[in-house]
Amino acid sequence: MNAEVVPSLAHAPAAVRAERGSARLALLVLAGIGLLVLALVAGVGLGNVALDPGTTVALLAHRLLGWPVAPTWAPTSETIVLELRLPRVLTAMAVGAALSLAGTTFQGLLRNPLADPYVLGTASGAALGAAIAVLLPVRLFVLGLGVIHGLAFIGALGAVALVYRLSRASSLGSLTGLLLTGYAVGSLLAAGLALTLYLSGAHLRQIVFYLLGGFGTVSWPHLVAALPLIALGGAVLLLRARSLNALLLGEEAAAHLGIDVTRERALLLATAALLTAAAVAVSGLIGFVGLVVPHVTRLLVGPNARLVLPLGALYGGAFLAFADLVARIPGELPVGIITAVVGAPFFLALIRRARAGYEL
Amino acid sequence: MSGSAAELRGVEVRLDGRAVLRGVDLAIGPGERVALVGPNGAGKTTLLRCLVGSLRPAAGGILLDEVPLDELSRESVARRIAVVPQAVALPFAMRVADVVALGRIPHEHPFLGPGPADRAAVAAAIERVGLGELAGRDARALSMGERQLVLIAMAVAQSTRMLVLDEPTVHLDLRHQVEVMDLLRDLNERDGATIVAVLHDLALAAHFFPRIVVLDAGRIVADGPPSEALGPERIQTVFGVDPALVGR
């Protein structure tokens, strides 16, 4: 009898630990989905014309899922919800997810906890593109998307492409080379931006407002343009999670695990740049989400990219939707102010906890 | 004897115009335990890097299980040889068990990730190396000796028939050096793993390895059991030190 009991006892701790781990993970996923739903209902229901949560849910269920309920709401409420608030909330979620995915990737790829989506010149590139667009005499709009969105997108992608090309010629170790090249190119583009701002005269306010970031002018076309890119980028990253995991050990060790480091690095970099560019083009420069959300997620589940990427996307989406809600209550503050004001103290608290022996 | 597990044939390597390896021939049989020794700059690490495919020689060829290395995919090489890095700086806090699990990357499903067989291999590797107590700890908070064991466990989880190590004892105190050497010997004798290690400490190499390959200036100058390969004269000529200092 002993012979049967002993092995089962010996295996108990690992099995119990694994079970507890997956229960915890399920809870974290549910929490993410719950926050997302809460952000949706609150974001769509609250505002100058407020709807109670029951009506909001009924309206959304009726219009989006074809739920057979008799409308108890005014037609104007329906217009406000469907034409103004819903695209805005969904875009904030998509951008939050994109920034979190890009931040996770840049931090892992560069093996640098301080990296964020803007680290390789995307921010300056997008800003310069947007500023030039404002100064151009062309006022071309295609489905609500203007030159400003197009040039911001191109500026962000172009900056990373330039950084990557220049860094390949550097003799420094590839990661240091990439970071320093990113810094140099970013500075150069920032100088270009400063010059453009200086020359912008009456347009200064418009440029600065765009750079501060926000979802005040967002409508369905913005979401329709950005979402496919964000979905594509997210899918690519999830499929390459293995490479991102291997790179935790460094490039040489990743190669010894069978990873084609040069190819994977280029692919991950391009995808993260695409996500950042899509996010920046529709919403301007929103800080802190791409830096903090990946760290918070890692503190919860460890650095496994298979978990951090999707969970971080959930949390990033919910966080930015809530931040946008807070930003529009006092009357359209730039959302980047909210993400920083909420994010920074939260992050500081986490760091303090980590120092006190925070266990993963 | 059946075919070699790994073989270098006439391998030449030049780095920045300097010849680092000059016509190295070396055959390592399955289940052997081989130490590579030699002074700094002799080409030991370069030889290892050629063997595992991270450096392509200017001339000569490398065979793994009698298949030319060039014909094997990266993944296939990673399923044959596990490389234990000297040290790894993790950018984020990471549990020991999660570090060991990275060893399954060449085996796990590229998109779906690790399956039950991978998890079992990780658990077995942790058990084999004796890290059970540490499995839930942050790998960055361990001592150097414990970290080395984690990296070896990762290589064991990789389930290859050959383990390659570059100075696995370099930052360790004597007790941990011996612990690592004992583990390598055990992995070799009990599990049949072929082991190739670059070592600086000649006494350690002579005590724990039945076959010693001595490199000097890019050439193999001795290859055999410690008594043959590490005689007093050789130590004098290759390393330029009094053999008594090696303490044999």
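Among contacts in chain A between residues at least 6 apart in sequence, 77% join residues that are at least 24 apart, where two residues are in contact if their C-beta atoms, placed from the backbone, lie within 7 Å. The model is a predicted one, in which local features need pLDDT of at least 70 and side-chain atom pairs count only at pLDDT 80 or more, while totals for chains, interfaces and linings use all residues. Residues are numbered from 1 along each chain as its sequence is written, and chains are lettered from A and ligands numbered from 1 in the order in which they are written.

**Chain A and its helices**

- Chain A has 14 helices and two strands, these being DSSP runs numbered from the N terminus (H or I and at least four residues for helices, E and at least two for strands).
- Of the 360 residues of chain A, 48% count as buried, a term for residues with 20 or more other C-beta atoms within 10 Å of their own, against 12 or fewer for exposed and partly exposed in between, with C-beta atoms placed from the backbone.
- Helix 3 (residues 75-109) and helix 12 (residues 289-301) of chain A pack at an angle of about 70°, and their axes are 7 Å apart; axes are lines fitted to C-alpha atoms, for helices over the stretch in contact, and angles run from 0 to 180 degrees between N-to-C directions.
- The two helices, helix 3 and helix 12 of chain A, are therefore roughly perpendicular to each other, given that angles under 35 degrees count as roughly parallel, over 145 as roughly antiparallel, 65 to 115 as roughly perpendicular and the rest as oblique.
- Residues making this contact include A:Gly96, A:Leu99 and A:Gln107 from helix 3 of chain A, and A:Val289, A:Leu291 and A:Pro294 from helix 12 of chain A.
- By class, the contact of helix 3 with helix 12 of chain A has six nonpolar, six polar and no charged residues, where Ala, Val, Leu, Ile, Met, Phe, Trp, Tyr, Cys and Pro count as nonpolar, Asp, Glu, Lys and Arg as charged, and the others, Gly among them, as polar.

**Where the chains meet**

- In the model, 24 residues of chain A are in contact with 24 residues of chain B.
- Helix 9 (241-246) and helix 10 (251-256) of chain A are the elements that give two or more residues to the side touching chain B, and helix 10 of chain A gives the most, with four residues.
- That side of chain A, sorted by class, has 11 nonpolar, seven polar and six charged residues.
- A:Pro303 is placed in the loop between helix 12 and helix 13 (305-328) of chain A, and A:Pro303 is buried, with 25 other C-beta atoms within 10 Å.
- Leaving aside neighbours within four places in sequence, A:Pro303 is in contact with A:Leu248, A:Arg298 and A:Val308, and also with B:Phe92 and B:Met94.

**The six-stranded sheet of chain B**

- An open sheet of six strands in chain B has the order 6-7-8-3-9-10 with mixed pairing, two strands being paired if DSSP finds at least two bridges between them.
- Strand 6 and strand 10 (219-224) of chain B are the edge strands, each of which pairs on one side only.
- Five of the five residues of strand 7 (residues 162-166) of chain B are buried, so strand 7 is largely enclosed by the rest of the structure.
- Strand 7 of chain B runs parallel to strand 6 (residues 81-84), joined by four bridges, and parallel to strand 8 (residues 194-198), joined by five bridges.
- From strand 7 the chain crosses through helix 6 (residues 174-189) to strand 8 of chain B in a right-handed β-α-β crossover, meaning that, with the strands pointing away from the viewer, the path from the first strand over the helix to the second runs clockwise.

- B:Gly38 lies in the loop between strand 3 (33-37) and helix 1 (44-51) of chain B, and B:Gly38 is buried, with 25 other C-beta atoms within 10 Å.
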